[in-house]
Amino acid sequence: MAKVIVDAQAARAIGKGAMIVFKKGVVRTEGEIRPGDIAEVYTRGGKFLGRGFINPNSNIMVRLITQDEHTEVNKELFRERIRRANEYRKKVLGYDKAYRMVYGEADYLPGLIVDRFNEIASLQISSIGMERFKFDVAEAIMEAEPEIETVFEKNTGRSRRREGLPEIERVLLGREKYRTVIEEGKAKFIVDMRGQKTGFFLDQRENRIALEKYVKPGMRVLDVFTYTGGFAIHAAVAGADEVVAVDKSPWAINMVKENAKLNGVEDRMKYVVGSAFQVMEDMIKRGEKFDVVILDPPAFVQHEKDLKRGLRAYFNVNYAGLQLVREGGILVTASCSQHVDMQAFKDMVIAAAAKAGKFLKLLEPYRTQAPDHPILMASKDTEYLKALFLYVEDIK
Ligand SMILES: C[S@@+](CC[C@H](N)C(=O)[O-])C[C@H]1O[C@@H](n2cnc3c(N)ncnc32)[C@H](O)[C@@H]1O
């Protein structure tokens, strides 16, 4: 088995619970190294630190699977970890039919994400090592949750290309099925596995449900970056008179229409396919105002080096959004960029508010991703979603 010797900083990080070894922390390697093989990680002094998947072509050189010298990495280990991950969601967190079943390193399953939507599980693999186990993983998912009849492989996206893996989208195991209807708070959603990510953004679930209590009959709501209508449908179900849903994807807006029908709120919905920046600029020019504006853009910062540019994009979106909130209205604003921490996000919103002449009060405690996307205290990378519910007043 290949050996990877790491520097003191990388060793300290692993000691605190980090499960990722970056290339920059590697001092040298020993033995033959093939992408996807299992390798062992040691300190310079020869102390065992862990065992995991190696990919010499990736910036993340080793994804640790175990820090226990006596634990073998094999399909039985994955089966047990998937079972435990599912049990945690159901028994500890109390989820029932729709939840993130596996969230990568937070479940000691690096490079694997599994979302469950009733009888369908949608999985994403982003490490070449995990790819070798994908059929075992699919079987283990069905075994852990016998109600699951289909395992869909949604293996697309940037992280896959970075690992040198092909893009594949298909039913991997079980019945050919792509769609199901899930319940979330007072709303229902059609989840189509062929959509973005695993099919649905489960990470915002608690934040979408939290919106329901702020929306009342008579209100006008704007949901920018709506995808399949996540926040918009909740707002309509909560009784808003008019909800405008904006997304650049025509496929997503068609899904919003289907979801509106499913929830019996189509008479109160309006749809705009277009670029959020342009759509909001046009609305500002027309002098439009909303009681609630929701901004849930894609990750504008994909790499640390893009932080400044990405924060500028967040600033522009929030500055526009704030101009569309009426006096005494609400802004719900989110960022799913892991490189933007809460402080940086708050500073950006404060700057946008100052420019827009607005005064902000925090309505809800700082919000983050749903608990089925666990945050590992020792791994900053696992904490990525930030959401602020803000009461907006004009500066007097
Ligand atoms: C993070 S998802 C939003 C998830 C959604 N709020 C939910 O609860 O399901 C981001 C969405 O922004 C859309 N999007 C990306 N860039 C956009 C742009 N420039 N203008 C409008 N929509 C955009 C994507 O199509 C995607 O649906």
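A residue is called buried when its relative accessible area is under 20%, exposed when over 50%, and partly exposed in between, with a 1.4 Å probe and protein chains only. The model on screen is predicted, so local features need pLDDT of at least 70 and side-chain atom pairs count only at pLDDT 80 or more, whereas totals for chains, interfaces and linings use all residues. Numbering starts from 1 along each chain as its sequence is written, and side-chain values use heavy atoms, with hydrogens and water left out.

Select Ser-127 to begin. This residue sits in the loop between strand 9 (120–125) and helix 3 (128–131), where helices (H or I, at least four residues) and strands (E, at least two) are DSSP runs numbered from the N terminus. Ser-127 has a relative accessible area of 1% and is therefore buried. If contact is taken as heavy atoms within 4.5 Å, then, not counting residues up to four places away in sequence, Ser-127 touches Phe-53, Arg-63, Pro-110, Gly-111, Glu-163 and Leu-165.

Next, move to Arg-158, which belongs to helix 5 (residues 158–162). With a relative accessible area of 43%, Arg-158 is partly exposed, and the distance between its C-alpha atom and that of Gly-239, 81 residues apart along the chain, is 39 Å.

Now display the open sheet, whose seven strands follow the order 16-15-14-17-18-20-19 with mixed pairing; two strands pair if DSSP finds at least two bridges between them. Strand 16 (269–273) and strand 19 (358–362) stand at the edges, each with a single partner strand, so one side of each has no neighbour in the sheet. Strand 15 (residues 242–247) runs parallel to strand 16 and is joined to it by five bridges, and within this pair Ala-245 stands opposite Tyr-271 of strand 16.

Finally, select Leu-211, Val-215, Val-221, Val-243 and Met-269, the residues with the most contacts inside the largest nonpolar core, which has 37 residues. Such a core is a set of buried Ala, Val, Leu, Ile, Met, Phe, Trp, Tyr and Cys residues joined through side-chain atoms within 4.5 Å. Helix 7 gives the largest share of this core, five residues. Around Leu-211, leaving aside neighbours within four places in sequence, the contacts are Phe-231, Ala-235, Val-292, Ile-294, Val-332 and Phe-389. Apart from this core lies another, of 30 residues, among them Phe-225, Val-279, Leu-295 and Val-392.
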